Amino acid sequence: ASVGLVTSAEAFDSAEKYVVAAGIAKSEAKHGGKNIAVFYNSAMGEIIKNRHKVRTEIEKACKENLFKVVFQPQIELTTKEVFGFEALIRLQNEKYPPGEFISVAEESGLMPKVGRILTEKVINTIVEWRNNGVELKKISINYSAAQMKDKEYIPFLKALLAKNAIDPKYICIEITESMLFRDRALAKNIFDEFSSMGLRIALDDFGTGYSSFSYLTYIPATFVKLDKSLVDTYLKQEKYHVVENLINFVHGLNMKVIIEGIEEKWQADKIVEYKGDYIQGYYYSRPLESKDAQNFKLNI
Ligand code: C2E
Ligand code: CA
Ligand code: CA
């Protein structure tokens, strides 16, 4: 249950306002992960209003094609070459960062639509790069648990790949463990379908949430992405052995490790020392516009 509470300390002048306030607190309880009780406070009204504005902006962007996609290079550490890119969505006007509008899209049922728009843009980019004679690399697409509702997503993706004659090996799907919490059986089905299509799977955000080791054994992932928060915690407080052990652990399961959020040289050096496979971080490159990404090479 998600419970919203309001006390008489709010001193509203009508009963109706108490009911509205309790409703706002309840939606905050849902937003905060459900199964909790939340007290109303006046700042919540502002949060809700802002969320409404973001939602309107997303709806507009869906209708009027106002999203764009940027590509962040992933560097293979043994060769220092670009191994692939992660596709990251942006509002063209950059009014809200993806970290903010994706969660609103997820809550308000807009994520299936946004996910398809992003997927189409990625496919179009691959076609464009191929037409420009660029050597193709794997592109990772983030798949939100909120897209599990979109029963036709997999056929949609299959059809797009077939229509454009794109080998599925060029697509990697980044999933998160939150899919398992939503519906474990369905999640498992979706993983299997992705795999049997020939797509690769990366388990994203490892080191946040629950990150139970047991998930790793039954998600058919090729890659595990160690989250930036892990890097921040363990490569900054000199608890290096944690990162080293995690890399070894993932290797023990025959998976490759992508380390996110590396911003400094000494961090990259540590990851090389610990035999991490790939780095995606500002140290090598920020996310790039398509025209810059297609020719990106490292000159370190
Ligand atoms: P994420 O999937 O973990 O994506 C990685 C985020 O880390 C990106 O932020 C990227 O720019 C950022 N990052 C990479 N290296 C560094 C670094 O060295 N330092 C710092 N400070 N940040 C770094 P971005 O693009 O703002 O995306 C934030 C989140 O929004 C993503 O986290 C993902 O959860 C979501 N998102 C973005 N695009 C999409 C999308 O197309 N679909 C879905 N479902 N979610 C998306
Ligand atoms: Ca990701
Ligand atoms: Ca991540």
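Is N142 buried, partly exposed or exposed? N142 is partly exposed, with a relative accessible area of 30% (buried means under 20%, exposed over 50%, partly exposed in between, with a 1.4 Å probe and protein chains only). This is a predicted model, in which local features need pLDDT of at least 70, side-chain atom pairs count only at pLDDT 80 or more, and totals for chains, interfaces and linings use all residues. Residues are numbered from 1 along each chain as its sequence is written, chains are lettered from A and ligands numbered from 1 in the order in which they are written, and side-chain values use heavy atoms, without hydrogens and water.

Barrel
- The strands β3-β4-β5-β6-β7-β8-β9-β10 form a closed barrel of 8 strands with mixed pairing (strands are DSSP runs of E, at least two residues, and helices runs of H or I, at least four, numbered from the N terminus; two strands pair if DSSP finds at least two bridges between them).
- Antiparallel pairing joins β3 (residues 67–76) to β4 (residues 81–91) over 10 bridges.
- F71 has A87 in β4 as its bridge partner.

Calcium site
- E86 (OE), N142 (OD1), E174 (OE) and D204 (OD) coordinate the calcium ion (ligand 2) at 2.1 to 2.3 Å (donors are N, O and S atoms within 2.8 Å of the metal, or 3.2 Å for Na, K and Ca; water is not among the atoms, so sites may look incomplete).
- E86 lies in strand β4 and N142 in strand β5, 56 residues apart.
- E86 counts as buried, at 4% relative accessibility.
- D204 coordinates both the calcium ion (ligand 2) and the calcium ion (ligand 3), which are 4.0 Å apart.
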